[in-house]
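I opened this notebook to record, entry by entry, what I looked up in one protein structure. The entries move from the whole chain to single residues.

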Amino acid sequence: MIHFNELKSNARSMYETFKKVLEYDAAITQAINSVCSPFTHEQVLLAGKAFTSMDEVKDFIRQKLDEEVNVIVEEGTHFSLTDSEGHIDWYRPKRADDRINFRFWKRYRKYLTHIKGWAETSVDKIDTISDEIMEDIEDPTVTNRPFDRRGLVVGYVQSGKTANFMGIINKAIDSGYRIVIVLAGMHENLRQQTQERIDEEVLGIDTNPEEKQKRIGVSTLPGEMYYPIDYFTESNLNPKKNGDFNKKKRWGTPPSIDRPIIFVVKKNKSVLNNLRDYFQNWISIFDEDFTYKKDGANQFNNLPLLIIDDESDQASVNTKASRDREGEELDPTAINNCIRQILNLFRQKIYIGYTATPFANIFIHHDNQHTVLGRDLFPFAFIKTLGAPSNYLGPKEVFGLREGVEEGFPIYREVNDAGQPLIEAGLDNFTFMPIRHQPDYIPTEIPNSLNQALKTFIISSAIRWHRGQEHKHNTMLIHCTRYNSVQSALAELVNNELTVLRNAILSGDVDVLNEMQVLYEIDFIPTSLEMDKEVLNWNDVIPFLSKAVRKIEPKCLIINGDVKDILDYKAKSQTGLSVIAIGGDKLSRGLTLEGLTISYFTRNTSLYDTLMQMGRWFGYRNGFEDLCRIYTTAELFSWYRHISTAFEVLRSEFIEMTRLKLTPKDFGLRVEDHPDLMVTNVMKMRAAETMLLNYQGTLTETTTLPSNEEILKSNYHAAEDFILSLGKSSTKELIGKNVWLDVSVNRIQEFLKNFQTYKGLPAANSVRINQYIEFQKQNEISEFLKWNVVLVSLEKNAKSKLFSFAGREIVLPERKITERRFSNEKLDRYFVQRMHDPVFEFSDYSKTEKKNIDDNHLTNREARSLKPRKNSPLLMIYVLSLADGKPKVAVNFKFQPVGFAISWCASSQAIPISYVINSVYQELEMNEND
């Protein structure tokens, strides 16, 4: 007997050899024939499918391989920061000498290739990275040697972090770790999802009590067996039951050196207290071979512990101050306290956090010691950042980056009839799910944007069916509110609308089909063409619409604490689940939505890490990325673009520090001095009594403009007086016009002193910038003493509308108002998605200098370390024409809005400036809107 996926994997490996000498068709055919020849169709196993002939087996392999081998995947690059103090190398020598019996890892590796159908290169990447992490922890087999290593693994949202820590768990068990605890988020549905993965990929047994310990996953592979592991937590799809660790289990099977034990638990105070009590109950019974006295307290000895903390920036981080005003020590928050109590029960322990948003983890104080709990969870031993494979659809692919480095895929659709303030410019204005709505808010009808999103989901489903993906999971996400009662009311409206659409399509309603055809032609065709994907005639789509609506679950699934709906992808793994999921917090973090195609998202929060984790749409969309859509507000889109940029900036800082071979402690200190990385709940940054600010090598721009007429007038005159004071512009041949070279820093400071930026800007704050410049002056940092200035103007042509400013005729850049922001329901600022155009950053370059940048394919950021930017920051003055609405209509101003951007030199001499965190908290207004 042989499993179908093993045949497929073998055929793929053989194809890699044949393709070197044969064309694709011949290579794939010969590979399939070669691996299938020893078998009959009765010997080929595949759950849920019975083959009737060997030709059917070969055709099915060919179909699967056509999907896989034509997707070129380049694995992302990973980087590490490590502190080896107290560490003893052990893993590589043991592996080289074949002194580790890799039963669990080899079984898991085969599962990934034979069952999940992963390419060998992807599995090799998991192998390599997990080996590196194993090198950074300690040898669990050395008796009586204490160790405590704490690390962090950073990956992109929905990029495969779970597969990585499954590899770690399997290798750790093979290496001799005996206690494994997986902290699986804060909600039962996420714990359940992780438990199912553990069952399939580590245990090899279904822990659901109703399944009577049926062998599944890794233990069902041909030639493999079940290896006994103790477990206390269970998979349980019965919404009325809970498979987590509870009081009844505290006197269960004791820990043992003879075989491992694994727990999959929520980050819940009572659950973790129960788990702590379980260990404390047994520690008093164990003999001296397995216990050790430390400061009068018992610890397990020679029973090494591994804790994997999934979503480690959530709940695990202590958000309390370490001491009160009198200097008395304070206990940390409940979850942090519980985790540290459990760690302290073991003499040999490893803690590894996994997250896509590491900001909070990096801000953990690296030195604070609690007299009872000891050190905090700062990842002092190692931080590893994982690269995303080339087929990963991540933040920068969806939203792009600032400065025009990445524009993102054309799959964003603006929502302007939902998630808006209730009152605009003093007038009543209906909006669906308004910002800051209350639990008693009752929606009465869905907006046009959501109606369109539902139709888009149906069309996407139909096209995926046409592409042969009818057995793949297919999900639509609707996330508009955190309140359970509002989610239920929303679900009723969506169910009603879905029923109307389903009946109309099945009955051939001409009006509805015409509406969907128009949507297809103006939305799907241009998008697919732009992304180089297959485009169908509408008549080819129509037959699959009825199939799609029949398959979509008749009712939305509500994923929250009140309604016990479950996204049971596992039960429909062979046929595919097609479903609309509505939720709030429980859909916000960690929970994977399989085959997510359409996302309708208007939930508002200003915490960057929270927003990023809400992005369930990130992941792998092979074969249907052009069919995906993100429906959200312009404000949220701009925030996501900013977050994407902040994460990439963080990653670039990490890569540079890896090159310098620095430690996690060094990295934690470096992050504090970057203006764009104040992106988590301020309570999680409590340990940093002061923050450090450093603009070096960055681009600062004013994307939010005050609406107050007096401020607009004041800024206009400040900019005009400043330009007039500079005299004649440079006569040197430069890329830009209206450029002034070698302007004294004193003039720059005078301008910034007179210019009022909007109070909520995190980095482009004129007062803070002035303080920073003054600090550099006082320390005689030469790069800040002479500046270049440009008055931005578009190229003039016959159709240009000239504007007179400071005695010069310029063409105003036009920017669209993407959000009118309100304070206490009164308009007080305009938000533009991007004010700065990256081309103007080279205004003060000569053509030769610009050619050098282009020839070497340098980004704007990289160019800031070269002349002329290396020696002089550039201040760019923008006089703007603002437009609003659809179609865009110019907004009339008595005094045109003025903004500025600064291209900062990548100075190696710049000195960070510190500021008090409370003032930053007030300035950034970093609190959840709802």
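The entries below set out what I looked up and what I found.

**Entry 1: the whole protein**

I noted before all else that this is a predicted model. I then looked up the secondary structure and found 25 helices and 38 strands in the protein. The chain has 930 residues, and buried residues make up 58% of them. I also looked up the contacts between residues with a separation of 6 or more, and 77% of these join residues 24 or more positions apart. For the surface, I recorded that the protein exposes about 38,700 Å², with carbon and sulfur atoms supplying 48% of that area.

**Entry 2: cavities**

How many cavities of 30 Å³ or more does the structure hold? I found seven. The largest cavity contains about 90 Å³ of space. I listed its lining as S461, R464, W465, Q469, E470, K472, N474, A548, K551 and S578. Helices α13 and α16 (538-551) each supply at least two residues of this lining. The helix that gives the most is α13, with three residues.

**Entry 3: helix α10**

I next examined helix α10, which spans residues 334-344. It is mostly covered, since eight of its eleven residues are buried. I wrote down the buried residues as I335, N336, N337, C338, I339, R340, I342 and L343.

**Entry 4: helix α21**

Helix α21 covers residues 745-754, and its buried residues are V745, I748, Q749, F751 and L752. Where do these residues fall when α21 is seen down its axis? They fall within an arc of 160 degrees, so they line one face of the helix. I then looked up what the buried residues of α21 pack against. Their partners include the helices α20 (709-725) and α22 (766-778). The strands β28 (739-744), β29 (786-791), β34 and β37 (898-903) are also partners of these buried residues.

I turned to Q192, which is found in helix α8 (residues 188-203). Its relative accessible area is 7%, and buried means under 20%, so Q192 is buried. The side chain of Q192 makes a polar contact with the side chain of E196, at 2.8 Å.

**Entry 5: backbone details**

I looked for residues other than glycine with a positive phi and recorded two cases, E311 and M433. Phi of E311 is near 55 degrees. E311 sits in the loop between β10 (305-310) and α10, and it counts as buried because its relative accessibility is 5%. For M433, phi is about 50 degrees. M433 is in the loop between β18 (427-428) and α13 (448-466). Is M433 buried or exposed? At 1% relative accessibility, M433 counts as buried.

I also recorded a cis peptide bond, which runs from K867 to P868 and has an omega near 5 degrees. P868 lies in the loop between α24 (860-863) and β34 (874-879).

My next subject was P304, in the loop between β9 (297-300) and β10. P304 is buried, with a relative accessible area of 1%. P304 and F346 are 42 residues apart in sequence, yet their C-alpha atoms are 7.1 Å apart in space. Which residues does P304 touch, not counting residues up to four places away in sequence? I found P140, F147, G176, Y177, R178, I179 and Q348.

At 34% relative accessibility, V535 counts as partly exposed. The C-alpha atoms of V535 and F524 are separated by 8.2 Å, and the two residues are eleven residues apart along the chain. Leaving aside neighbours within four places in sequence, I found V535 in contact with Y520, I525, S528 and L529.

**Entry 6: review**

Key
Residues numbered from 1 in each chain as written. Predicted model: local features only at pLDDT ≥ 70, side-chain atom pairs only at ≥ 80, totals over all residues. Heavy atoms only, no water. Buried < 20%, exposed > 50% of the residue type's maximum accessible area, 1.4 Å probe, protein only. Helix = DSSP H or I, 4+ residues; strand = E, 2+ residues; numbered from the N terminus. Polar contact = N/O pair within 3.5 Å; in protein donor to acceptor, adjacent residues only side chain to side chain. Arc of directions from axis to C-beta. Contact = heavy atoms within 4.5 Å. Areas by Shrake-Rupley, 256 points an atom, 1.4 Å probe, with all protein chains shown as cover. 1 Å grid on protein atoms, 1.4 Å probe; cavity = no way out; pocket = protein on both sides within 12 Å on 5 of 7 lines; lining within 4 Å. Points joined across faces, edges and corners; volume = space filled by probe spheres on them.
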